[in-house]
Amino acid sequence: MEGKATYIVRYGEVALKGKNKPYFERMLMERIKKVVKEFGDVQVQREDGLVMMYAPLDLPEDKLVTRVSKVFGVDSISPAVEVVPNIDEIQKAAVAFMLDRIERKGIKTFKVEAKRGDKSFPVESPQIAKTVGAAVLKGCKVLKVDVHDPECLLFVHVRKGKCLLYDHKISGCGGLPPGTNGRGLVLLSGGIDSPVAAWMMAKRGMIIEGIHYHSYPYTSQRAWEKVQDLARILTEYCGRMKIHSINLLPIQEQIVEHCPEEMTTILVRRFMMRIAERMAKQVNCSMLITGENLGQVASQTADSLVVTDATVQMPVMRPLIAMDKWEIIEKAQEIGTFETSIQPFEDCCTVFLPKHPTTKPKLDRILEAESRFDWEDLVQQAIDNRETVMITPEV
């Protein structure tokens with residue numbers, strides 16, 4: 001498009017959806033359009049298996065690409081040059097493209113790869129590559145061909161009505177567009193794990209809401225602000241996100257007063273799940289999401305998870321269940337939540353910790369302990385007195 005910078009946006013898994021592909025493409029287009037709206041006059045259109053973006057020439061390339069690469073469903077992005085599908089014009093554009101790369105990057109070797117998507121184009125792919133390569137060698141005297149390890153790989157993609165030139169692909173997040181796979185409520189603690197779990201489920205097309213538990217005044221207001229900061233980072237990928245803050249302290253105090261100390265951790269976890277399930281039903285979420293990882297702490301042993309799940313009937317998604325801790329940390333660093341997660345503000349899970357928590361709880365004993373106090377009103381009060389905030393991406 002004349003007077004505009006051109007960007008090719010590719011989608012991966014969306015392209016494999018068969019008869020449902022148009023629905024996924026539409027959802028992806030809606031998300032991309034919503035994201036680029038903050039940049040002003042950026043046009044987005046779908047063109048036969050690709051999404052094309054046309055942006056003002058003065059818009060910083062890295063800013064736009066970084067933002068769009070975080071859209072779930074986007075596989076890769078390439079800044080490109082668009083030229084009319086005429087072999088002479090393609091040759092001229094290729095020479096100009098490579099002269100620019102020589103000036104900006106100091107490249108000395110190159111290779112041309114061509115793809116003829118429009119079979120009516122009179123020159124076949126191998127000949128396009130050969131012809132364009134010869135033109136570049138003639139117009140760029142400092143360059144040599146290196147078919148094995150070129151410093152610049154020039155792609156020439158002939159499509160119906162246009163030809164696109166580009167030299168690299170910037171990876172996107174992949175996955176599925178937001179809103180294509182239901183709604184889930186994540187237990188967002190403020191630690192390393194739960195934001196990664198939320199990100200991974202959002203990547204599968206799920207709309208995410210969060211529930212956070214606090215034990216004020218044992219936990220600080222800054223801990224709640226930290227959770228909101230984490231949610232704000234997640235919104236860069238999945239869009240705006242609602243977070244519900246629940247005061248768990250009255251229930252924790254009753255557990256400490258009436259129940260065996262070694263059961264405190266698992267009992268608190270069961271009440272978290274119980275409250276989360278009721279909240280999920282209120283906000284039309286069909287499943288719960290946690291950052292639990294098998295064997296990481298006492299409440300995450302196999303026996304503990306079985307007892308925890310017995311509290312609820314709703315499915316519980318645990319996308320991190322079999323990951324090593326270092327894998328989770330690497331993912332947290334990749335998505336940008338790690339530095340916020342390690343800020344030293346305690347969450348409610350650190351309040352009233354037993355010295356020797358049980359790692360092999362028995363459900364009958366847990367149920368007997370819960371029967372020692374009247375918790376039904378406390379659960380409802382916790383839900384009724386919640387604080388809810390809507391977190392939006394920073395522009």
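This is a predicted model: local features need pLDDT of at least 70, side-chain atom pairs count only at pLDDT 80 or more; totals for chains, interfaces and linings use all residues.

User: Then how far apart are the closest N and O atoms of E236 and K70?

Analyst: E236 sits in helix α6 (residues 221–238), while K70 is in the loop between α2 (61–69) and β4 (74–83), so this pair ties together parts that are 166 residues apart in sequence. E236 and K70 form a salt bridge, and the distance between their closest N and O atoms is 2.6 Å.

User: Is E236 buried, partly exposed or exposed?

Analyst: Buried would need under 20% relative accessible area, and exposed over 50%. E236 has 24% relative accessibility, so the class is partly exposed.

User: How many salt bridges does a search of the whole structure find?

Analyst: Side chains of opposite charge can pair when their charged atoms come close. Searching the whole structure for salt bridges gives a count of 28.

User: Which residue does K4 meet in a salt bridge?

Analyst: K4 is in strand β1 (residues 4–11), and the partner is 37 residues away, in the loop between α1 (21–36) and β2 (43–47). The N to O distance is 2.6 Å, and the partner is D41.

User: What about D309 and R318: which of the two is buried?

Analyst: Their side chains meet in a salt bridge, 2.7 Å from N to O. D309 has 28% relative accessibility and so counts as partly exposed. With 13% relative accessibility, the buried one is R318.

User: Which residues do salt bridges that share partners join into one network?

Analyst: Here the bridges link up through shared partners into one network. The residues joined that way are D100, R101, R104, K105 and D167.

User: On to helix packing. Are α5 and α10 roughly parallel or roughly perpendicular?

Analyst: Two packed helices are described by the angle between their axes and the distance between the axes. For α5 (residues 193–203) and α10 (residues 325–335), the angle is about 70 degrees and the axes are 9 Å apart. Angles of 65 to 115 degrees fall in one class, and α5 and α10 are therefore roughly perpendicular.

User: What is the relative accessibility of T337?

Analyst: T337 is in the loop between α10 and α11 (338–341). Beyond residues up to four places away in sequence, T337 touches P195, V196, L230, I233, L234 and A332. T337 counts as buried, because its relative accessibility is 0%.

User: And how far is the C-alpha atom of T337 from that of M314?

Analyst: Along the chain, T337 and M314 are 23 residues apart. Their C-alpha atoms are separated by 28 Å.

User: Last one: is R269 buried or exposed?

Analyst: R269 lies in helix α8 (residues 264–282). Leaving aside neighbours within four places in sequence, R269 is in contact with L187, T290, E292 and T308. The relative accessible area of R269 is 13%, so this residue is buried.

Terms used. Residues are numbered from 1 along each chain as its sequence is written. Side-chain values use heavy atoms; hydrogens and water are left out. Helices (H or I, at least four residues) and strands (E, at least two) are DSSP runs, numbered from the N terminus. Buried means under 20% relative accessible area, exposed over 50%, partly exposed in between (1.4 Å probe, protein chains only). Contact means heavy atoms within 4.5 Å. Axes are lines fitted to C-alpha atoms, for helices over the stretch in contact, and angles run from 0 to 180 degrees between N-to-C directions. Angles under 35 degrees count as roughly parallel, over 145 as roughly antiparallel, 65 to 115 as roughly perpendicular and the rest as oblique. A salt bridge is a side-chain nitrogen of Lys or Arg within 4 Å of a carboxyl oxygen of Asp or Glu.
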